[in-house]
Amino acid sequence: MTGFIRKLLFVPVKKGISALYPVVLGRHPRNTICSFNYHNVSHINRFIASVEPSLNSSICLIDIGAGKSPYYSFFSKKVSYYIAVDCTESLPVLEMRSICQVEGVAECVPLMNSIADVVLSNQVLEHVNDPEQAVREAYRLLRPGGRFIGSVPHISPVHLEPYDFRRYTDYGINKMLSNAGFIDIRIDLSGGVYSAAALMIAMDWVLSPRHENKPQGFSMNRAIALAPVIGFMNALAFMLDKLSGVRASRSFANLCWSAEKPMGH
């Protein structure tokens with residue numbers, strides 16, 4: 001009887017927590033300041049918002065490593081074709097938006113040369129087997145004058161194991177893009193040491209402990225319970241970064257880039 005009562009109580013509690021989550025933490029990528037990955041995601045949002053106005057209308061965009069295509073809404077008013085590329089298990093089974101799904105990996109996208117005006121690749125290069133080839137593949141897919149937009153973490157806990165292979169500096173990204181042939185490279189760094197520390201602490205709190213041969217888990221209960229503390233910590237980190245001079249920091253959490261494929265290539 002006790003087990004039956006627990007089951008009766010568990011279902012409404014679980015539904016209540018699921019309903020509360022987007023109210024407190026937002027829906028990715030429009031996360032609130034109480035979210036554990038706020039400092040990374042808010043930086044990506046700001047960068048895309050700064051780049052999007054310079055893009056033409058009626059563009060073809062290829063989102064490599066798209067998953068659930070969380071950044072679709074940022075480009076939906078300008079794209080004629082939005083193509084999401086990822087492994088089959090990572091793509092939504094029922095995609096109701098105007099998104100064409102293509103099975104593939106970043107190093108080998110089964111699409112023709114020079115068909116995209118924009119290639120998007122957010123938080124992907126740290127997880128692929130061959131990032132240099134993935135960047136060359138983005139170059140191949142772009143039309144001359146097309147833009148490659150993306151982001152990677154500089155400082156982050158291990159996540160999505162066992163497919164978390166590396167971290168990047170702005171120098172490393174610049175070199176990789178330049179080697180692939182890109183020009184007009186713009187790299188934007190997020191925050192400073194305090195926001196990087198807040199991100200590390202918050203992610204460690206809500207992600208599951210590491211276990212060999214066991215994928216990363218996420219505790220929704222802890223994320224909601226700790227939301228006020230995480231929100232305060234994120235706000236404090238933001239203020240301390242501002243006071244200490246963000247531009248001088250060596251310890252940024254995330255970086256974003258925009259690069260262009262030269263005309264005539």
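Student: Which residue in E5 does Ala84 stand opposite?
Tutor: Ala84 stands opposite Gln101 in E5. Four bridges join strand E4 (residues 79-86) to E5, and the two run parallel. Strands like these (E, at least two residues) and helices (H or I, at least four) are DSSP runs, numbered from the N terminus.

Student: Before we go on, what am I looking at?
Tutor: This is a predicted model: local features need pLDDT of at least 70, side-chain atom pairs count only at pLDDT 80 or more, and totals for chains, interfaces and linings use all residues. Residues are numbered from 1 along each chain as its sequence is written, and side-chain values use heavy atoms, with hydrogens and water left out.

Student: OK, back to the strands. What order do they have in the sheet?
Tutor: The open sheet of seven strands goes E5-E4-E3-E6-E7-E9-E8, with mixed pairing. Two strands pair if DSSP finds at least two bridges between them. The edge strands are E5 (100-103) and E8 (183-189), each pairing on one side only. From one strand to the next, the twist averages 15 degrees.

Student: How many bridges do E6 and E7 have?
Tutor: E6 and E7 pair over six bridges, in the parallel sense. One example is Val119, whose bridge partner in E7 is Phe148.

Student: Why is E7 called largely enclosed?
Tutor: Nine of the 12 residues of E7 (residues 142-153) are buried, so the rest of the structure largely encloses that strand. Buried means under 20% relative accessible area, exposed is over 50%, and partly exposed is in between (1.4 Å probe, protein chains only).

Student: And Ser121, buried or exposed?
Tutor: Ser121 counts as buried, at 4% relative accessibility. Its place is in strand E6 (residues 116-122). Leaving out residues up to four places away in sequence, Ser121 touches Ile64, Phe148, Ile149, Gly150, Ser151 and Trp257. Contact here means heavy atoms within 4.5 Å.

Student: What about Asp63, where is that?
Tutor: Asp63 is in strand E3, and it is buried too, with a relative accessible area of 3%. Not counting residues up to four places away, Asp63 touches Ser69, Tyr82, Ile83, Ala84, Val85 and Leu120.

Student: Ser69 is in that list. What's its phi?
Tutor: Phi of Ser69 is near 50 degrees, a positive value in a residue other than glycine. Most residues other than glycine have a negative phi, and most peptide bonds are trans. Ser69 sits in the loop between E3 and helix H3 (72-75), and it is buried at 1% relative accessible area.

Student: Switching to peptide bonds, which residue is joined to Pro162 by a cis one?
Tutor: That's Glu161, and omega is about 10 degrees. Pro162 is in the loop between E7 and H5. The bond from His28 to Pro29 is cis as well, with omega near 10 degrees.

Student: Now helices. At what angle do H6 and H8 cross?
Tutor: The axes of H6 (residues 193-206) and H8 (residues 227-244) cross at roughly 165 degrees and come within 7 Å. That makes H6 roughly antiparallel to H8. Angles over 145 degrees count as roughly antiparallel, under 35 as roughly parallel, 65 to 115 as roughly perpendicular and the rest as oblique. Axes are lines fitted to C-alpha atoms, for helices over the stretch in contact, and angles run from 0 to 180 degrees between N-to-C directions.

Student: Which residues meet there?
Tutor: Among them, Val193, Ala198 and Trp205 are on the H6 side, and Val229, Met233 and Leu240 are on the H8 side.
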